[in-house]
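Please look at the sequence and the model below before reading on. The text then goes through the structure step by step.

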Amino acid sequence: MSDGQASHAELAARISNLSSQKNTIEKEIRSLSEVLAVNGNVGLESSLVDRDGYPRSDIDVVAVRTARNRIIRLNNDHKTVMHDLELTLHQLHQLNREHGSSALRSDETLHTVTKPPTPEDVEPKPVPFLLINEVRPGSVAFDAGLEIGDQVAKFGSVTADNFENMRDISTVLQNTVPHGVIPMIVVRPKRNSRVYHIELTKPDGGVSLGMHIVPLP
C-alpha cells in the first residue's frame, strides 16, 4: 500500500459512516414530507399565498416554509453524501482489485448509489454570473442552503444570458410576493462545481434575505 492511501478498514469505516448519514438524512426528509402532506400536500412548489397575496389560511404557512427550507437543505446534503459515498466505493473496489480481493462486488454495491441520468444531469452546464460573498447564519438564505462562495447561475428569471446589472435582481425581488418562491441555480466551486437547485422563499416586507451578492468579473 502506497503512502497516503487509505486502508481497506479505513475505507470500509468511511462507507459505513456515509451510509449512516444517508439513512439519517432520508429519514428526516420523510418526516418533513409528512408536514407538507398534512398541509394539503403543498409540496415544494405550491403557492403559500392566496389570490390577494396574503398568507393562506388553510395551512400552517410557517411550518410549511420551515419544512420546505429544511428539505431543500437536506436534499443538497444528500447529493453530497451520495457523491462522497460513490467515490469511496470506487476507491475500495480499486484497492480490492490491486490486492486480488473480492470482499465487495462492485455490481451489487454501486447499484445502491448510482441512478439513471435525470434531466438535471444532461441539461447544459449553468453559467454563473453572480457571487455570494456573505450569508448570515439563521437568515432565509442560510436556511435555503446557500453558502459563501456559491456562484449564482439563475435568480428567478434572470440568467447570464439576460443579466445586465443588479437592478435585474432587485426587480425579481420586487415582483415576488412575500412567502413567494424564487428559484435559484447555484454552482458550488468548493464541491467540484456541483450544481444545486435551490428555492429561496421571500420573507415578509422589510426582512433581508441575509446574503450579499456581487457580479462575477
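The model is a predicted one. Its protein chain contains six helices and six strands. Read from the N terminus, the elements come in the order α-α-α-α-β-α-β-β-α-β-β-β. Of the 217 residues in the chain, 37% count as buried. Among contacts with a separation of 6 or more, 67% are between residues 24 or more positions apart.

An unreviewed UniProt entry places a "coiled-coil region" at residues 8-35. In the model, this span is 100% helix and 0% strand, and its end C-alpha atoms are 41 Å apart.

Next comes the interior. In soluble globular proteins, nonpolar side chains tend to be buried together. The largest nonpolar core of this model has 24 residues. Those with the most contacts inside this core are Leu 146, Phe 155, Ile 169, Met 184, Ile 198, Leu 200 and Met 211. Which elements give two or more residues to the core? They are the strands S1 (130-135), S2 (151-155), S4 (181-188), S5 (194-201) and S6 (211-215), together with the helices H5 (140-143) and H6 (167-174). A second, separate core has 21 residues, including Ala 6, Val 61, Val 64 and Leu 95.

Leaving aside residues up to four places away in sequence, Leu 200 touches Val 140, Ala 141, Ala 144, Leu 146, Phe 155, Gly 180, Val 181, Ile 182, Met 184, Leu 209 and Met 211. Several of these names are also on the list of residues with the most contacts in the core, among them Leu 146, Phe 155, Met 184 and Met 211.

Helix H6 can be taken by itself. Which of its residues are buried? They are Asp 168, Ile 169 and Val 172. Seen down the axis of H6, these buried residues fall within an arc of 100°, so they line one face of the helix. The face turned away from this buried side carries the exposed residues Arg 167 and Gln 174. The cover over the buried residues of H6 includes S1, S2, S4 and S6, as well as strand S3 (158-159).

The pairing of the strands can be followed from S2. S1 and S2 are antiparallel and pair over two bridges; Leu 130 has Val 152 in S2 as its bridge partner. S2 is also joined to S4, again in the antiparallel sense, by four bridges. Here Phe 155 has Met 184 in S4 as its bridge partner, and both residues are on the list of those with the most contacts in the largest core. Two bridges join S2 to S3, and these strands run antiparallel too. In this pair, the partner of Lys 154 is Thr 159 in S3. S2 and S3 form a hairpin with two residues between the strands, where Gly 156 takes a positive phi near 65°.

Most residues other than glycine have a negative phi. His 179, found in the loop between H6 and S4, has a positive phi near 75°. Asn 192, in the loop between S4 and S5, has a positive phi near 60°. Are these two residues buried or exposed? His 179 has a relative accessible area of 7% and is buried, whereas Asn 192 has one of 64% and is exposed.

Thr 176 and Thr 201 are 25 residues apart in sequence, while their C-alpha atoms are 9.3 Å apart in space.

Notes
Residues are numbered from 1 along each chain as its sequence is written. This is a predicted model: local features need pLDDT of at least 70, side-chain atom pairs count only at pLDDT 80 or more; totals for chains, interfaces and linings use all residues. Side-chain values use heavy atoms; hydrogens and water are left out. Buried means under 20% relative accessible area, exposed over 50%, partly exposed in between (1.4 Å probe, protein chains only). Contact means heavy atoms within 4.5 Å. A nonpolar core is a set of buried Ala, Val, Leu, Ile, Met, Phe, Trp, Tyr and Cys residues joined through side-chain atoms within 4.5 Å. UniProt positions are given in the numbering used here, feature names are shortened, and annotations may be inferred rather than shown by experiment. The arc is that of the directions from the helix axis to the C-beta atoms. Two strands pair if DSSP finds at least two bridges between them.
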